[in-house]
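Let's take a walk through a protein together. Keep the sequence and the 3D view side by side, and look things up as we go.

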Amino acid sequence: MGHLTHRDLNASVERLRDQVAHALRAALISGELRPGVVYSAPTLAEDFGISATPVREAMLDLAREGLVEPVRNKGFRVTEVDERDLDQYTEIRALIEIPVVGRVTRTAAREDLEALRPVAEEIVRAAREHDLIGYLEADRRFHLTLLGLAGNERLVETVGELRKRSRLYGLTALDERGELIPSAEEHLELLDLMLAGDARGAERCMKRHLGHVRSLWATSDRAAHTAG
């Protein structure tokens with residue numbers, strides 16, 4: 001296994017576990033950590049230049065998110081998500097998010113929708129600045145906050161789990177081709193439709209956006225397997 005890209009980690013005991021988990025997520029997104037491959041905590045710790053304990057704890061955090069799975073006496077395997085899984089995740093998200101967006105368009109206070117504009121702009125800015133972690137974090141915050149306006153906490157939790165299970169891997173190639181920017185800009189389009197009170201238009205935009213995300217996933221997955 002090649003060494004992970006060097007990342008500066010603060011030596012603070014309290015924050016080290018979170019910093020390692022953040023760095024590992026970045027490695028998953030960039031494709032440095034590959035689906036199906038088993039990585040040991042001691043080996044990853046050598047790459048980070050730290051002890052194995054915070055790495056093992058961080059990997060357990062990722063396991064709870066469904067991003068990796070423990071392999072006894074070996075380490076952690078990066079979770080593989082096949083086409084059938086992705087189709088099912090997307091279908092469930094569509095069944096939930098499309099009608100909820102329509103309902104929120106009709107019921108949400110204008111100021112609550114306007115409060116999402118800085119987040120939508122942050123998504124676009126992250127895509128343009130090639131900040132993949134920032135892109136995914138802002139995207140997650142936008143969608144879950146938007147769904148939260150429907151007032152159903154269990155619904156938000158469900159979609160949050162689906163998003164974790166279908167996290168994009170190997171986004172670097174897509175970012176280099178500028179293919180994330182159109183998806184990022186759809187957040188602003190969706191918000192404008194909702195503020196205009198166009199519930200059906202917002203539903204159509206959300207449907208297109210989820211299809212766009214699914215296409216990005218498939219492209220990324222094919223590229224990762226080709227590179228392998």
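**Starting at a glycine**

Just after helix H2, Gly49 takes a positive phi of about 75°. Helices here are DSSP runs of H or I with at least four residues, strands are runs of E with at least two, and both are numbered from the N terminus. Before going on, note that this is a predicted model, where local features need pLDDT of at least 70 and side-chain atom pairs count only at pLDDT 80 or more, while totals for chains, interfaces and linings use all residues. Residues are numbered from 1 along each chain as its sequence is written, and side-chain values use heavy atoms, with hydrogens and water left out.

Now step back into H2. Which of its residues are buried? They are Ala41, Leu44, Ala45, Asp47 and Phe48, with buried meaning under 20% relative accessible area, exposed over 50% and partly exposed in between (1.4 Å probe, protein chains only). These residues sit on the same side of H2 because they cover an arc of only 155° around the axis, taken from the directions from the helix axis to the C-beta atoms. As a rule, an α-helix has 3.6 residues a turn, so residues three or four places apart point the same way.

What does H2 pack against? The axes of H2 (residues 41–48) and H3 (residues 52–64) come within 8 Å and cross at roughly 115°. Those axes are lines fitted to C-alpha atoms, for helices over the stretch in contact, and the angles run from 0 to 180 degrees between N-to-C directions. On the H2 side, Ala41, Pro42, Leu44, Ala45 and Phe48 take part, and they meet Ala52, Val55, Arg56 and Met59 in H3; contact means heavy atoms within 4.5 Å. By class, this contact has eight nonpolar residues, one charged and no polar. Here Ala, Val, Leu, Ile, Met, Phe, Trp, Tyr, Cys and Pro count as nonpolar, Asp, Glu, Lys and Arg as charged, and the others, Gly among them, as polar.

Next, hop along to Leu149, in the loop between H7 (132–148) and H8 (153–165). Leu149 counts as partly exposed because its relative accessibility is 27%. Leaving out residues up to four places away in sequence, Leu149 touches Val104, Ala108, Asp112, Leu113 and Leu116. Leu113 is 36 residues from Leu149 along the chain, yet their C-alpha atoms are separated by 8.7 Å.

Finally, zoom out. The chain has eleven helices and three strands, and 47% of its 228 residues count as buried.
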